Amino acid sequence: MANLRIELVKSLNGRLEKHIATAYSLGLHKIGNVTVQPDNPQTRGKIAKIGYLLKVTEE
């Protein structure tokens, strides 16, 4: 199964609480944080919600 490399490229300051919580659930707290997540519908849904804050690449 493929993995996704997710990097937080924009600040969480001033964002909606739900968007901040979604970023935290992915393990992203500060700009430049990177996490590797499995490519599944749950992860894709989180990316769809806060995609404007992220840079996503496939591993």
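R44 is partly exposed, with a relative accessible area of 39%, and its side chain meets that of D39 in a salt bridge at 2.8 Å, N to O. The coordinates are those of a predicted model. The points below cover the ion pairs, the overall fold, the nonpolar core and the surface.

**Salt bridges**

- In the pair formed by D39 and R44, D39 is partly exposed, at a relative accessible area of 21%.
- The side chains of E7 and R5 also form a salt bridge, with an N to O distance of 3.9 Å.
- E7 is classed as buried because its relative accessible area, 18%, falls under the 20% limit.
- R5, the partner of E7, is partly exposed, with a relative accessible area of 31%.

**Fold and dimensions**

- The protein contains 2 helices and 3 strands, and their order along the sequence follows the pattern β-α-β-α-β.
- The radius of gyration is 10 Å, close to the 10 Å that the globule rule gives for 59 residues, so the protein is as compact as a globular protein of that length.
- The C-alpha trace spans about 35 × 20 × 15 Å along its principal axes.
- Of the contacts between residues at least 6 apart in sequence, 73% join residues at least 24 apart.

**Nonpolar core**

- The largest nonpolar core comprises 12 residues: L4, I6, L8, L12, I20, A23, L26, L28, I47, I50, L53 and L54.
- Strand 1 (3–8), helix 1 (17–25) and helix 2 (41–50) each contribute at least two residues to this core.
- Strand 1 provides the largest share of the core, namely 3 residues.
- In soluble globular proteins, nonpolar side chains tend to be buried together.
- I50, a member of this core, is in contact with H19, T22, A23 and L26 when its neighbours within four places in sequence are left aside.
- Of these contact partners of I50, A23 and L26 are also listed among the core residues.

**Burial and surface**

- Buried residues account for 31% of the 59 residues in the protein.
- The protein exposes about 3,700 Å², and carbon and sulfur atoms supply 51% of that area.

Note on methods. Residues are numbered from 1 along each chain as its sequence is written. This is a predicted model: local features need pLDDT of at least 70, side-chain atom pairs count only at pLDDT 80 or more; totals for chains, interfaces and linings use all residues. Side-chain values use heavy atoms; hydrogens and water are left out. A nonpolar core is a set of buried Ala, Val, Leu, Ile, Met, Phe, Trp, Tyr and Cys residues joined through side-chain atoms within 4.5 Å. Buried means under 20% relative accessible area, exposed over 50%, partly exposed in between (1.4 Å probe, protein chains only). Helices (H or I, at least four residues) and strands (E, at least two) are DSSP runs, numbered from the N terminus. Contact means heavy atoms within 4.5 Å. A salt bridge is a side-chain nitrogen of Lys or Arg within 4 Å of a carboxyl oxygen of Asp or Glu. The radius of gyration is taken over C-alpha atoms; the globule rule is 2.2 Å times the number of residues to the power 0.38. Accessible areas come from the Shrake-Rupley method with a 1.4 Å probe; for residues, only the protein chains shown count as cover.
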